[in-house]
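This report covers salt bridges, the surroundings of a ligand, and a set of paired strands. The sequence and structure come first.

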Amino acid sequence: MNVKDNYKKYTAPTYAKVDTVLLGGGNGELYAEDSVNFIDFGSGIAVNSLGCNNEEWVNAVCDQVKKAVHFSNYYYNQPTAILSETLVKRSGLGKVFFSNSGAEANECAIKCARKYSFDRYGEGRYEIVTLKNSFHGRTIATLSATGQDAMHTYFMPFTEGFLYAEPNDFDDFKNKVTKKTCAFMLELIQGEGGVNVMDKAYVKNVYEYCKANDILLIIDEIQTGVGRTGKLFCYQHYGILPDIVSLAKGLAGGIPIGATLFGEKVQDVLTAGTHGTTFGGNPLAAAGANAVLAQIDDKLMDEVIKKSDYIKSELKDCKNIKSISGMGFMLGIETDNYADVMKKCFDRGLLVLSAKTKIRLLPPLTISYETLSEGLKILKEVIG
Ligand SMILES: *Cc1c(COP(=O)(O)O)cnc(C)c1O
């Protein structure tokens, strides 16, 4: 079988694919057909937080496979109980709902916000402010939440009730708030939107404003969460406690999972029959997530920060780099012709991502200095 031909013939053409067939991987490395090896600065888009084949993670997941991969959510199970406790205690929030993806975690956040408001104020207070240039998912409602016009075509009618404010502009946020506003949803670092970091003062202002007006603050941590920025949650850099936090990507180290964390105010809003899922938070995904979270400690977070500084210092003399944005292992590099840079990196055995017109780096949290410096050598030479 020719894998690429097979895809072209039988798989819906929804991705502009990179020309390689992957077979396996290690910590910051991927192995492809024809004996080609890559250094991996993408982690499967922030999913493989511990790289591939992390020993403790593999053991935990394999042990769980031998017991049971799935039970219905109608029954209790141990790995999911452990995961709930860990997430709640380490976030400072109150309760959690598990699903299978980022879009679902955000759908749940949206439903929770609207029901909270309905329970408390009755009908009509359903508007949610989000940011221009945001990305919140591919379902109809999360596309609506996404503040990019290009995402609001073809699939009309979209879910109504979303207003888009300019990022880092507190006045514009207040202009978008009406008496119908129930929530404000944002990424603290816009991932797909170009690795754009929200200012500390801006976040503090919207946090206080939301608290004073009973507008729920929803932080989409699907890309920034699970240690990506050098803290378990990116909001911990900002000194705020959101009402709702959505997680997915890196949480289970590669197994599909979504999680919506609820603060005290909203933790009992979604009651039996108002929300649910068949697969969400099954014991396999929970076992994977427990193994990931066990490794995300202060020591690993210190290393992510140090290695992030190392990346920035290695790249600081590249004359063709205009700016570097982001935090920890979520970095955006502004340079001319990002597509050309990506292609040349690929040809030399380095996988990087893009975000709008930037090169985006999301290495595994566990990547070694050795692998990191090998990859940076290629990147520096390619960018120049
Ligand atoms: C990836 C991403 C999503 C969507 O997650 P899926 O698992 O692809 O549905 C939502 N929000 C942010 C910030 C993301 O990075």
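## Salt bridge E303–K307

In this predicted model, the side chains of E303 and K307 form a salt bridge, with N and O 3.3 Å apart. Helix α10, which covers residues 298-315, holds both E303 and K307. The two residues are four positions apart there, about one turn of the helix.

Which of these two residues is buried? K307 is buried, at a relative accessible area of 4%. E303 is partly exposed, at 30% relative accessibility. Under 20% relative accessible area counts as buried and over 50% as exposed, so the 30% of E303 falls in between.

## Other salt bridges within helices

Helix α5 contains the pair D119 and K115. The closest N and O atoms of this salt bridge are 3.1 Å apart. D119 and K115 are separated by about one helical turn because they are four residues apart in helix α5. D119 is partly exposed, with a relative accessible area of 48%, and K115 is also partly exposed, with a value of 23%.

Helix α12, residues 369-383, holds E381 and K377. Their side chains meet in a salt bridge with an N to O distance of 3.6 Å. E381 and K377 are four residues apart, so about one helical turn separates them. The relative accessible area of E381 is 42%, which makes E381 partly exposed.

## Salt bridges overall

How many salt bridges does the model contain? The count comes to 18, with a side-chain nitrogen of Lys or Arg required to lie within 4 Å of a carboxyl oxygen of Asp or Glu. R120, D214 and K265 are joined in a network of such bridges. Side chains of opposite charge can pair when their charged atoms come close.

## Ligand surroundings

Which residues surround the ligand? They are S101, G102, A103, N106, F135, H136, G137, E187, D220, I222, Q223 and K249. By type, the shell divides into three nonpolar, six polar and three charged residues. Helix α5, residues 102-121, gives the most to this shell, with three residues.

A polar side-chain atom of K249 lies 2.6 Å from an oxygen atom of the ligand. A backbone N or O atom of A103 is 2.8 Å from a ligand oxygen atom. At F135, a polar backbone atom lies 3.2 Å from a nitrogen atom of the ligand. The ligand taken alone exposes 380 Å², and the protein buries 82% of that area.

## T146 and the backbone of H136

H136 is one of the residues around the ligand. The backbone nitrogen of H136 lies 2.9 Å from a polar side-chain atom of T146. T146 sits in the loop between α6 (140-145) and β6 (162-165). Is T146 buried or exposed? T146 counts as buried, at 0% relative accessibility.

## The four-stranded sheet

Four strands make up an open sheet with mixed pairing, in the order β1-β2-β3-β15.

Strands β1 and β2 run antiparallel and are joined by three bridges. L22 has A32 in β2 as its bridge partner. The hairpin of β1 and β2 has three residues between the strands, and G28 takes a positive phi near 85 degrees there.

## Strand β2 and its pairing with β3

Strand β2, residues 29-32, pairs with strand β3, residues 36-40, in the antiparallel sense over four bridges. L30 stands opposite F38 in β3, and Y31 has N37 as its bridge partner in β3. Three residues lie between the strands in the hairpin of β2 and β3, where D34 takes a positive phi near 65 degrees.

Which residues of β2 lie on its covered face, and which on its uncovered one? L30 and A32 belong to the covered face. E29 and Y31 belong to the uncovered face.

Note on methods
Residues are numbered from 1 along each chain as its sequence is written. This is a predicted model: local features need pLDDT of at least 70, side-chain atom pairs count only at pLDDT 80 or more; totals for chains, interfaces and linings use all residues. Side-chain values use heavy atoms; hydrogens and water are left out. A residue is near a molecule or strand if one of its heavy atoms lies within 4 Å of it. A polar contact is a pair of N or O atoms within 3.5 Å; within protein, one must be able to donate a hydrogen and the other to accept it, and residues adjacent in sequence count only if both atoms are side-chain atoms. Accessible areas come from the Shrake-Rupley method with a 1.4 Å probe; for residues, only the protein chains shown count as cover. Ala, Val, Leu, Ile, Met, Phe, Trp, Tyr, Cys and Pro count as nonpolar, Asp, Glu, Lys and Arg as charged, and the others, Gly among them, as polar. Buried means under 20% relative accessible area, exposed over 50%, partly exposed in between (1.4 Å probe, protein chains only). Two strands pair if DSSP finds at least two bridges between them.
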